[in-house]
Amino acid sequence: MRLLVEPRLVQSRVVRFGAPAAGLAFGLLLSAIMLELFGIPAPAAYLAIIESGFTGGLFAISDTLTVATPLILCGLACALAFKTRLWNVGAEGQLFLGAWAATGVAIALLPAGTPGFIAIPCMAVAGFLAGAAWGAVPGFLRARFGTSEILTSLMLVYVAAHWNNYFIYSVWSDRGFQMTRLFPRESWLPRLSDLASSWPGAAGLTLHAGFVVALLLAALFWFVMFKTRFGFEIKVTGISERTAHYAGMPVRRNIVVVMALSGGLAGLAGMCEVTGVVHRLQENFSPGYGFTAILVAWLARLNPAAIVLVSFLLSGLLVGAREIQPSGIAMMLQGIVLTCVVAADFLTGNRIRIVKDAARTEAP
Amino acid sequence: MNGSEFTQNLLAAGVARGTPLLFAVQGELLAELSGVLNLGLEGIMLASAMAGVAVAHFAGSAWAGLAAATAVGALFGVVHAFLAVTLRCDQVVTGLSLVFVGTGISSVGGAPLVGLRQAVPHFTKLPIPGLCDLPFVGPVLFSHVWPVYLGFATIPVIYLFLTRTRAGLNLRAVGENPAAAAAVGLPVTRLRYLYVVLGAGMAGFSGATLSLAVTPGWVDGLTAGQGWIAIGLVIVGGWRPLPAAIGAYLFGAIHRLTLDLQGTGIPLFQDPNTGFFLNMLPYLAAVGVLVAASLGRRSGAAPTALGRPFLPGTTR
């Protein structure tokens with residue numbers, strides 16, 4: 001008896017939506033078993049996540065959307081690269097450098113008292129450029145020398161982390177603490193809680209303007225991908241680099257440009273995070289947004305609308321998991337769910353039959 | 001500290017710290033030669049390193065920890081082989097998702113273990129009598145924990161296995177041209193399962209070597225990217241066992257160099273700020289050698305079918 005795998009000739013709608021849903025359900029079940037194995041009551045953990053991530057009123061939703069902001073931006077960053085079949089897995093490092101550059105502009109470059117309408121765009125440009133530069137390096141190495149961008153982009157995450165630490169612990173350290181001083185009030189991104197004087201219900205809501213930027217960029221992503229020549233070129237490059245080359249497309253240049261844009265989006269996420277949420281640069285300001293974004297992009301099948309939706313769901317998980325210990329739970333759940341959904345993906349294109357061992361195609 | 005003492009300490013530490021990398025590199029090499037890319041190494045090493053400490057702690061035996069770690073690694077291998085070989089999923093995505101699973105599990109399961117450090121049963125140094133007293137060579141090669149010696153032994157064994165045995169030839173045939181291999185009667189699927197599981201098991205062993213012998217104890221993120229460096233070393237070594245092994249020891253030494261340089265009297269290295277940049281060294285070096293390797297790449301160094309699933313009964 002053995003398993004026989006056959007391609008599905010017809011993909012019914014039930015299968016197309018049912019398989020990922022089954023994968024998700026199986027992943028959550030498997031995660032529950034793992035949690036119980038580690039002595040963490042799974043039902044209580046799941047309920048806590050749902051409560052503090054989604055159903056806990058306006059505060060829960062505001063927190064979740066705040067976390068969704070960097071996830072959407074980094075998810076778009078990954079999706080752009082993945083469309084080109086460039087595996088930019090270093091969005092986390094590009095996010096670090098974006099945050100670093102924005103911080104430099106806020107506390108070291110601009111004079112105190114610079115109004116927000118000047119400071120914030122400057123920080124955004126700096127964050128984007130720093131992330132873009134960090135993303136362009138693996139892109140250039142890949143385009144010029146054929147070096148695996150998976151490994152180089154990932155190695156650069158560690159370099160970026162140490163680079164930031166140098167500034168956090170030493171150059172910009174606030175009286176020896178492991179963080180920079182607070183940014184001037186003018187350079188903070190506007191938040192919902194700023195409206196509290198006219199609308200008391202908004203007091204304490206942390207959602208900031210970066211979320212709107214993320215939504216706009218998701219729309220722009222859709223436009224570029226489906227309505228422009230550049231979007232067409234990178235899709236062709238992703239399907240077959242050789243075809244793109246023969247069609248006269250500038251493949252090498254596009255590889256560098258895509259990696260730079262991808263890094264820039266991640267850098268912007270870093271900028272939003274430091275100016276919208278923490279208002280200073282410190283270590284561990286990101287719980288791995290750049291890595292979670294890889295899942296976001298993949299689960300959303302590189303579709304920008306789906307990226308927004310998946311980001312919302314995963315950030316609910318991240319917010320909820322902040323409330324339960326130990327801290328690795330979110331990462332574990334994400335990994336198991338992604339693995340199961342990827343496996344279930346296979347079932348949309350194939351089916352597995354158990355057959356009696358009659359004719360073997362392989363000799364023992 | 002004089003120059004020769006510095007070199008001696010550096011090389012000795014390089015050999016010790018290179019050993020976990022060596023096992024991981026060799027495991028990845030076997031899997032990749034069979035045509036399956038396993039990007040999950042970092043997660044597998046973390047989960048196994050944690051499992052090793054946990055079991056060693058609760059069972060009170062480092063040997064039990066080592067066995068558990070290897071089993072956890074192999075279990076990851078079974079999952080990866082099922083996804084990559086049976087389900088023919090995209091190997092980059094499955095590998096990355098295993099990194100998440102492994103990192104998450106290590107972080108959740110390891111939370112109560114942080115702080116045990118040396119209190120966990122672990123392997124202590126086992127200098128080889130006689131040889132360890134040799135000047136220079138003794139401390140560098142013969143005053144280590146036992147997995148280091150096992151590492152030495154695996155180098156010729158794997159080299160000879162790949163170049164001189166029928167099984168090694170079959171392994172490479174499956175990775176180069178699975179259709180042809182299947183045509184001459186090799187069980188492609190079964191062989192790929194075997195080497196993916198074996199490779200992941202070695203990654204698990206490697207994780208335990210780290211957490212039970214070389215740097216005993218568990219801290220979150222113990223491997224600090226060594227799984228990724230191992231994958232890079234397979235590429236840099238051109239999928240050949242000897243250069244990959246040399247690379248593992250080299251990177252062991254580079255990891256150690258950061259500490260050793262700060263111990264010297266040179267003012268530049270005593271400035272704590274230099275430490276941040278020294279810490280970047282292994283990762284920048286990895287990028288550097290990857291670029292150098294792609295500059296000098298001989299055509300066809302990578303297994304031809306690497307990353308490509310095989311559908312039995314086809315010529316794909």
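Helix axes here are lines fitted to C-alpha atoms over the stretch in contact, and angles run from 0 to 180 degrees between N-to-C directions. The model is predicted, so to speak of local features, pLDDT must be at least 70, side-chain atom pairs count only at pLDDT 80 or more, and totals for chains, interfaces and linings use all residues. Residues are numbered from 1 along each chain as its sequence is written, while chains are lettered from A and ligands numbered from 1 in the order in which they are written.

**Close-up 1. Helices H11(A) and H12(A) cross at roughly 135 degrees.** Meet H11 (residues 289-299) and H12 (residues 304-322) of chain A, whose axes come within 8 Å. The crossing of H11(A) with H12(A) is right-handed (the near helix is turned clockwise from the far one by less than a right angle).

**Close-up 2. Residues of H11(A) meet residues of H12(A).** From H11(A) come Thr292(A), Leu295(A), Val296(A), Ala297(A) and Leu299(A), and from H12(A) come Ile307(A), Val310(A), Ser311(A) and Leu314(A). Contact requires C-beta atoms, placed from the backbone, within 7 Å.

**Close-up 3. Helices H11(A) and H13(A) cross at roughly 25 degrees.** Here the axes of H11(A) and H13 (residues 329-349) of chain A come within 11 Å. These two helices are therefore roughly parallel. Thr292(A), Leu295(A), Trp298(A) and Leu299(A) of H11(A) touch Gln334(A), Leu338(A) and Val341(A) of H13(A).

Terms used
Helices (H or I, at least four residues) and strands (E, at least two) are DSSP runs, numbered from the N terminus. Two residues are in contact if their C-beta atoms, placed from the backbone, lie within 7 Å. Angles under 35 degrees count as roughly parallel, over 145 as roughly antiparallel, 65 to 115 as roughly perpendicular and the rest as oblique.
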